[in-house]
Amino acid sequence: DADPAAAAAAVVESKAFDHGIICGSEDNLVVEANVAGPFQAALERAGAAVCTPEETARVAAAAFDPDGHLRREVLGQPASAIADAAGVRRDGPVRVLVLPVAMDQLDGPLGREKLAPLLSLFTVEGTGQGVEVCKRLLANQGAGHTAVIHTGDQALQQRFAEEVPASRVLVNGPATHGCIGVGNGLTPSLTLGCGTFGGNSTTDNVTYTNLLNVKRLARPV
């Protein structure tokens with residue numbers, strides 16, 4: 001039930017910021033099939049290039065080395081430069097490249113973190129599959145960090161928050177800005193804990209309060 005235009009605008013604004021180098025930015029999009037068409041159209045209107053299968057293959061070849069690691073040459077680079085290198089042409093400026101991929105790519109490089117203006121897009125048949133795909137993506141890379149859900153259904157928001165292994169679950173907003181506390185109640189911080197999900201000691205947005213040494217005098221009760 002998400003608003004495709006609002007969701008697309010938030011995603012593109014977030015992933016285009018600093019050319020996707022922020023670790024809290026979106027890396028993978030999971031969309032239900034019944035809204036996939038309108039959402040992809042909205043992404044295009046927001047400045048993304050939603051790639052064809054042939055373009056997706058060229059972008060993947062340009063962005064990843066044979067071992068599946070993101071090439072240093074594309075880290076934090078403008079989407080337009082990556083598009084040019086891969087031969088992806090659009091009439092207007094390209095802010096983000098969206099790569100629609102099949103489910104068999106979930107556990108591979110395209111299902112991992114991409115510190116560049118690149119987004120993989122997975123289409124699912126319903127809410128249940130969508131939640132499971134998000135959990136697999138976080139297990140592939142990103143457990144404990146941040147997840148975003150676009151929906152007005154508060155019961156679904158609650159279910160998503162309870163099930164996905166992320167320390168920050170954002171609702172109807174951009175990940176890059178939201179994870180550091182812009183526009184919501186999270187503590188403003190650029191250092192984000194991933195908790196035991198990600199092998200950290202805290203799930204907090206880390207501030208001076210996490211660094212205080214508190215000495216305690218304990219008397220017998």
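**Fold summary and helix 4**

From the N terminus on, the elements of the protein run α-β-α-β-α-α-β-β-α-β-α-β-α, with helices (H or I, at least four residues) and strands (E, at least two) taken as DSSP runs numbered from the N terminus. That gives seven helices and six strands. The model is predicted: local features need pLDDT of at least 70, side-chain atom pairs count only at pLDDT 80 or more, and totals for chains, interfaces and linings use all residues. Residues are numbered from 1 along each chain as its sequence is written, and side-chain values use heavy atoms, leaving out hydrogens and water.

**Overall build**
- The C-alpha atoms fill a box of roughly 75 × 40 × 30 Å along the principal axes.
- Buried residues (under 20% relative accessible area, with exposed over 50% and partly exposed in between; 1.4 Å probe, protein chains only) make up 43% of the 221 residues.
- Of the contacts (heavy atoms within 4.5 Å) between residues at least 6 apart in sequence, 62% join residues at least 24 apart.

**Helix 4**
- Ala79, Ile82, Ala83 and Ala86 are buried in helix 4 (residues 79-86).
- Seen down the axis of helix 4, these buried residues fall within an arc of 100 degrees, so they line one face of the helix; the arc is that of the directions from the helix axis to the C-beta atoms.
- An α-helix has 3.6 residues a turn, so residues three or four places apart point the same way.
- Asp84 and Ala85 are exposed on the face of helix 4 turned away from its buried side.
- Cover for the buried residues of helix 4 includes helix 3 (53-63), strand 3 (96-100) and strand 4 (118-124).
- Gly87 follows helix 4 and has a positive phi, near 75 degrees.
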